[in-house]
Amino acid sequence: MSHEVTGAKCTACGALNYPKRPVCRECRNETFDLVPIGGEGKVLTYTDVYALAIDYETRYLRLAIVELDGGARVTGQLLDDDPKLGKRVRTTIGVVREPGEGKVFGLQFVPA
Amino acid sequence: MKPVYIAGAGMTRFGRSEWPLIELASVASLAALHHANLGEIPVDGVVVANMGAARVNKQTALGSALVDQLALYPATAEAVENGPASGASAFKVGVQAIASGMADVVLVTGVERMRVVNGLEGTDFVASLSHPEAEYVYGVTLPSLAGMFARLVMNRFGVERKHLAMVAIKNHENATRNPYAHIQQTVTMEGILTAPEAVVNNPPIAEPLHLYDCCPVSDGAASVVLVSEEVAAKLAGPKVRVAGIGQATDTHAVHEREDPTDLKAVRLASEKAFAAAGLKPKDVDVAELHDAFTILEIAESEAAGFFPRGEGHLALERGETKLDGKLPINPSGGLKAKGHPVGATGVAQLVELTWQLRGEAEERQVKDAVVGYACNFGGFGNNVVATVLRREAE
C-alpha cells in the first residue's frame, strides 16, 4: 500500500496546490493532475514543540516548513539532530501520528 | 448602514472557573446589561461566541441556552464559531443586525470553559483549527505554528528573545491593574530570561518561544450590548460608536502563504476597518492586540499599520506601547496575562476598549482615549477581524 503524499497540479496554470483543493488557488480552474509531493529542498523554518496534542508520547516534536526545489512548500516532521535555517533536506514517508489503533503516514525530512 | 453603538460592557474574571459554561456567559451578560441600563427597552437578539463547547463541554446551541438563562424570549438567538476569532465575528453579526435595521438591541457574549479538560486535550481542541491533512496530522499545534513564525520573524528582522520578554513584562504589569485578569503578577527580565534560574522558570514551549511567551489557558466570558442610534439617544452615559469593522482571510495551511512572515489578513482587515471608520492608524489612542504569543503583538502592531514593517520591536523597546507611551497596547494585560478563553477573547478586547473610551478603566486608564482598535486573530492568521471604536462627543 502506497503512503504517498499528493498535491493537485492545475491543468490550466500549472500551480501546485498542496494541500489539495477543488479550485486552483492561483487561477480558480477546477481540473488537476494528482502529483506526488516530495524531493529535495531547504528548511524555511522549524520548531521544537513541547506543547503537544493528543496521540504523542514523546517529550517534543521537531516540526518544519520546507521549501522544495521548484517552490512548493510543505509542513512535516524534521528528523535531524542539527537543524538549521536553509539546510538542505529531502523528504521521506514515515509514521507521523498514531491515533488509537491506526497509523498515519506523512512527510518527514532528513538531511540531504 | 445605520450607526451602531456599544451601550454596555461586562465580563467575568478570567482564570479557572467552577461555574458551568452557561453560568459564566450569564454573569458577563448581566454585567453588560446592567452597565447599559436599558430599562424597559427589550433585547431583540443574542449572539454567543464560542469555539469548543460542543467538544469540551458537551453543549451546543449556546444562543438558545443563554436566552433561556436570561429570560429574554422571544429574542433571536444564535452562536458563532470562528476559531479564536469567534468573539469579534459574533460582534460583527450583532453589528450587522443593527446596521441593517433588523434589530435595535443585540447582546453579544463570548464564552469558553476549556480548563475542564487536561492540557493535551485542550491543546488538541485548539489544534483542530489547523489544516487536517497538511498540518494537524504532523502534530501541529498553535504553539508550533507560532514557534515557526517566530523563528522566521526573529531571523529576518532582528527581533530577539529580550523583545519577546518585553512584551510579557509590559502585559503582566498592565494585568496587575486589571481586576479581571487571569494572571495578576509581574515578571522581570532576570526571572524569565537573564538569570541562571530563568531556564527553569521559563521552559521552552515551541522554540524559540518559551512559557512566558504564551498565553495561559483560561475560562471566562465577556459581553457587550449593541444598540441603534435611536436607542442610544435614550440612554445615559458616553457614546461609543462602532466606527469600522474589517475582516480578511488567508490560506488555511501556513506554508502556502507567499511570505509566511507577512500577517496579510491582519493588514487587509485593518485597512478595511480604518477605511470604514474614516480614520488612520495614527488616530488610534489605545489598542488591544491578539498576543496569544508575544511575537504576535509585535507582528500585529506592524501589520495593523502602527509601525513600519520590521520595526515593531523597536517601538516596543522605546516604550511607546506601554500604558503611558504614545500608543498603549494591551492595557488589559492582553491574552498574555489577562488570559485567553478562546471564544470570549474577541469580545473581551472590545469590553476593554469600551471601558477605556468611556474613561472607566480605573488604574489602567489611557488618558483621553477617543479611538480604540482591536485585532482578533483567528486560526493562525487565516481569519482576522479588526474593529475600530470611537467615542462620540456628547
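The model is a predicted one, in which local features need pLDDT of at least 70, side-chain atom pairs count only at pLDDT 80 or more, and totals for chains, interfaces and linings use all residues. Residues are numbered from 1 along each chain as its sequence is written, while chains are lettered from A and ligands numbered from 1 in the order in which they are written.

Chain A contains 0 helices and 8 strands, where helices (H or I, at least four residues) and strands (E, at least two) are DSSP runs numbered from the N terminus. Read along the sequence, its pattern is β-β-β-β-β-β-β-β. The C-alpha trace of chain A spans about 45 × 35 × 25 Å along its principal axes. Chain A is divided into domain 1 (6–35) and domain 2 (38–111), with bounds that come from an automatic or database domain assignment. The C-alpha centres of these two domains of chain A lie 23 Å apart.

An open sheet of 3 strands in chain A has the order S2-S1-S3, with antiparallel pairing; two strands count as paired if DSSP finds at least two bridges between them. Strand S2 (16–17) and strand S3 (32–36) of chain A stand at the edges with a single partner strand each, so one side of each has no neighbour in the sheet. Strand S1 (residues 6–10) of chain A is joined to S3(A) by 5 bridges in the antiparallel sense. Within that pairing, A:Ala8 has A:Leu34 of S3(A) as its bridge partner.

S7(A) and S8(A) are antiparallel and share 8 bridges. Two of the facing positions are A:Val95, opposite A:Phe105 in S8(A), and A:Thr92, opposite A:Gln108 in S8(A). S7(A) and S8(A) form a hairpin with 6 residues between them, and A:Gly100 in the turn has a positive phi of about 55°. S8(A) also runs parallel to S6(A), to which 2 bridges join it; here A:Gln77 stands opposite A:Gln108. S7(A) in turn pairs with S4(A) in the antiparallel sense over 3 bridges, and A:Gly41 stands opposite A:Val89 in S7(A).

The account now turns to the interface. In all, 26 residues of chain A are in contact with 29 residues of chain B, contact being defined by C-beta atoms, placed from the backbone, that lie within 7 Å. On the side of chain A that touches chain B, the elements giving two or more residues are strand S4 (40–49), strand S5 (61–68), strand S6 (73–78), strand S7 (88–97) and strand S8 (104–111) of chain A. By class, this side of chain A has 17 nonpolar, 6 polar and 3 charged residues. In this classification Ala, Val, Leu, Ile, Met, Phe, Trp, Tyr, Cys and Pro count as nonpolar, Asp, Glu, Lys and Arg as charged, and the others, Gly among them, as polar.

Two helix pairs of chain B remain to be described. Two packed helices are described by the angle between their axes and the distance between the axes. Axes are lines fitted to C-alpha atoms, for helices over the stretch in contact, and angles run from 0 to 180 degrees between N-to-C directions. The axes of helix H1 (residues 21–36) and helix H3 (residues 62–69) of chain B come within 10 Å and cross at roughly 60°. That angle makes H1(B) oblique to H3(B), given that angles under 35 degrees count as roughly parallel, over 145 as roughly antiparallel, 65 to 115 as roughly perpendicular and the rest as oblique. The crossing of H1(B) and H3(B) is right-handed; a crossing is left-handed if the near helix is turned anticlockwise from the far one by less than a right angle, and right-handed if clockwise. B:Ile22, B:Ala25, B:Ser26 and B:Ser29 of H1(B) make the contact with B:Ala65, B:Leu66 and B:Gln69 of H3(B). These residues divide into 4 nonpolar, 3 polar and no charged.

For helix H6 (residues 142–157) and helix H12 (residues 294–303) of chain B, the axes come within 10 Å and cross at roughly 55°. H6(B) and H12(B) are therefore oblique to each other, and their crossing is left-handed. B:Ala146, B:Phe149, B:Ala150 and B:Val153 in H6(B) meet B:Ile295, B:Leu296 and B:Ala299 in H12(B). The contact of H6(B) with H12(B) has 7 nonpolar, no polar and no charged residues.

Terms used. Contact = placed C-beta atoms within 7 Å.
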